[in-house]
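Work through the exercises below with the sequence and the model at hand. Try each task before reading its solution.

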Amino acid sequence: MRSTSRRAYALLALILAFFAGVIILVISLFDKGGIWTAKRVNAHLYSGGQIVNAGAVYTADGEILAQSQDGKRLYSKDKNLRLSTLHTLGDASGFISSGTHSLYREELFGYSFINGIYTLKEHGKGNDIYLTLNSKACKIAYGALNGRKGAVGVYNYKTGEILCAVSNPTFDLNNKPKNMRMEKGEAHEGVYLNRLFSGLYTPGSVFKTVTAACAIENMPALDSWRYECKGQLQTGLGLVKCPSKHGKMNFEQAFNKSCNCAFAELAIEMGTEMLEGQAKSLAFGQALKIDKTTSAKSILNLQTANDLDLGWAACGQYTVLANPAHMMVLMGAIANGGSAARPYFVEKIVTPNKILTYKAIHATEDSIELEADKAGKLADFLRSNVVNGYGNSSFPNLNMCGKTGTAEVEDGKPHAWFTGFSQRDDLPLAIVVVVENGGSAFYNAVPVANRVMQALS
Ligand SMILES: [Zn+2]
C-alpha cells in the first residue's frame with residue numbers, strides 16, 4: 001500500500017509540474033508572443049531589417065504616411081510631409097523608438113495571440129493605423145522652423161489629439177543620408193530623438209507661469225502687490241538682472257514685461273519649498289503618458305539652492321529643465337479650467353477586413369493638479385501677456401494666451417520658446433514652440449506659433 005501511494009504522489013507531483021509548465025508557457029505567450037513574432041529575424045515581416053508587409057499609416061486628413069506594396073515599404077510622395085512627420089511615424093528599422101513603427105509594430109503586423117500573425121497570412125498585410133496628425137500643420141511647422149533645430153507641438157486640450165508634432169533635425173526616409181553627422185553641435189545631432197516628447201531644455205521665462213501659479217496660491221495680497229524694477233535685484237550672493245529697468249509695476253504688468261527681478265523677489269519671499277511644491281503639482285519630475293510612450297521628466301531641483309539660485313530658478317534659469325510636450329499639456333490644463341486632456345497620436349487601428357481593434361479613449365492628464373479658479377487667473381494673465389505684451393497683431397483672430405521664453409544657455413544664442421493656447425471655442429488648441437539657440441523668443445518663436453495656429457484655424 002505504502003509504495004503504491006508513494007507512486008501515486010509522485011505521479012500527481014509530475015502532473016502538477018506539467019500543468020504549471022503549460023500555464024507558464026501560456027502566460028509567456030500572452031505576455032511576449034507579440035514581441036517574439038515581431039523580432040527582426042522573422043522573414044515574413046522584415047526584409048533586410050525593414051518592415052515590408054505591415055499595414056498603412058494615415059494622417060487625420062487622409063494622407064498616407066507609409067504603406068507596404070510588393071514587399072516594399074513606401075512613404076508619402078510629399079517630401080515635406082515625410083520630413084515633418086518622421087518622428088511620429090518612425091523609421092522602418094526602429095531607430096526612432098517613440099515612432100509609430102516602433103511602438104505599434106505588433107499592431108502594424110496584425111499580430112494576434114490566437115492565430116499568430118493572422119492578418120498577414122490571410123491578407124498579406126497587417127492592420128492600418130490612423131494618426132491624429134494634421135498634415136498641413138506639420139508641414140507648416142517644419143517650414144517655419146526653417147532648418148533650425150527644435151520642436152513644435154499642438155494638441156486639442158479637450159480631446160487630447162496631437163495635431164502637430166515636429167522635431168528637427170529630421171531626415172528623408174526616401175533618401176536617408178549615409179553618414180549622418182550626429183555629434184553635438186552637428187547637423188544631425190540627436191536626429192533619432194523626438195524633441196517634443198523626449199527633449200529637455202532650459203525653459204527661461206516660460207517657467208514664470210509656474211512661478212505665477214505659486215504666487216497666486218501663496219501670496220494672498222497679490223492683487224495689491226507692487227514692485228519697482230531698477231534693472232537688477234541684489235540677493236545675498238549676487239545679482240538677478242533684467243535687460244532694462246522695468247519701473248513700477250503690479251503683478252500682471254511684471255508678468256507682461258517678464259520682469260526677472262520681480263519674479264525673483266516673489267520666489268525669494270515664498271521660498272524653495274513652495275516653488276518646488278508648486279512645480280511638482282504641475283507635473284515637474286513626472287513622465288507624462290503619450291500613447292505607448294512617455295515624455296521626458298521636467299526638472300526643478302532646489303535642494304542646494306541659495307537665494308540667487310532661487311531667484312534665477314523662478315525665471316526658468318539656474319538648473320531648471322522643461323520638456324516641450326509637458327509645457328504644451330500644462331498650457332492645455334490652464335486653458336481647460338485646470339484639467340487637461342491626456343495627449344495621444346494614434347486615433348484608431350483597423351484590420352484589413354475593416355474591423356476596429358483599437359479606438360483612442362479621451363482621458364484626463366491626472367499628473368497635473370490645478371484648481372479651476374487658479375487656472376482661470378493664470379489664463380487671464382496669459383491673455384494679458386498677448387494683449388499688452390506681444391500684441392494681438394502677433395496672433396490675428398486667435399484669441400491667443402501665452403508666454404514667451406528667451407532662455408539663456410551656456411553654448412550659443414538663447415533658446416526661443418512660446419507656450420500658449422487659443423481661447424476660441426472652435427479652436428481648443430494648446431501649442432509649444434522651441435527653437436534651439438533661436439535667439440529672441442518674440443522674433444523667433446512667436447511667428448512660428450502664429451503660422452501653425454493660423455494653419456489650423
Ligand atoms: Zn525687471
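**Exercise 1.** Find which residues of helix 8 meet which residues of helix 10, then describe how the two helices pack.

*Solution.* Step 1: Lys-208, Thr-211, Ala-212, Cys-214, Ala-215 and Asn-218 in helix 8 meet Asn-260, Phe-263, Leu-266 and Met-270 in helix 10. Contact here means heavy atoms within 4.5 Å. Helices are DSSP runs (H or I, at least four residues) and strands are runs of E (at least two), numbered from the N terminus.

Step 2: sort the residues by class. The contact of helix 8 with helix 10 has 6 nonpolar, 3 polar and 1 charged residues. Ala, Val, Leu, Ile, Met, Phe, Trp, Tyr, Cys and Pro count as nonpolar, Asp, Glu, Lys and Arg as charged, and the others, Gly among them, as polar.

The model is predicted: local features need pLDDT of at least 70, side-chain atom pairs count only at pLDDT 80 or more, and totals for chains, interfaces and linings use all residues. Residues are numbered from 1 along each chain as its sequence is written, and side-chain values use heavy atoms, with hydrogens and water left out.

Step 3: take the geometry. Helix 8 (residues 208–218) and helix 10 (residues 260–270) pack at about 50 degrees, and their axes are 10 Å apart. Helix 8 is therefore oblique to helix 10. Angles under 35 degrees count as roughly parallel, over 145 as roughly antiparallel, 65 to 115 as roughly perpendicular and the rest as oblique. Axes are lines fitted to C-alpha atoms, for helices over the stretch in contact, and angles run from 0 to 180 degrees between N-to-C directions.

**Exercise 2.** Which angle do helix 2 and helix 6 make, and which class does it give?

*Solution.* Step 1: helix 2 (residues 79–89) and helix 6 (residues 135–145) pack at about 85 degrees, with axes 9 Å apart. Step 2: the two helices are therefore roughly perpendicular. Step 3: helix 2 contributes Asn-80, Leu-81, Leu-83, Ser-84 and Thr-85 to the contact, and helix 6 contributes Ser-135, Cys-138, Lys-139 and Tyr-142. By class these are 4 nonpolar, 4 polar and 1 charged residues.

**Exercise 3.** Which residues are the protein donors of the zinc ion?

*Solution.* Step 1: the donors are Cys-229 (SG), Cys-242 (SG), His-246 (ND1) and Cys-259 (SG), 2.1 to 2.3 Å from the ion. Donors are N, O and S atoms within 2.8 Å of the metal (3.2 Å for Na, K and Ca). Step 2: their spacing in sequence is C-x12-C-x3-H-x12-C. Step 3: Cys-229 lies in strand 9 (residues 226–229) and Cys-259 in the loop between helix 9 (251–256) and helix 10, so the pair ties together parts 30 residues apart in sequence.
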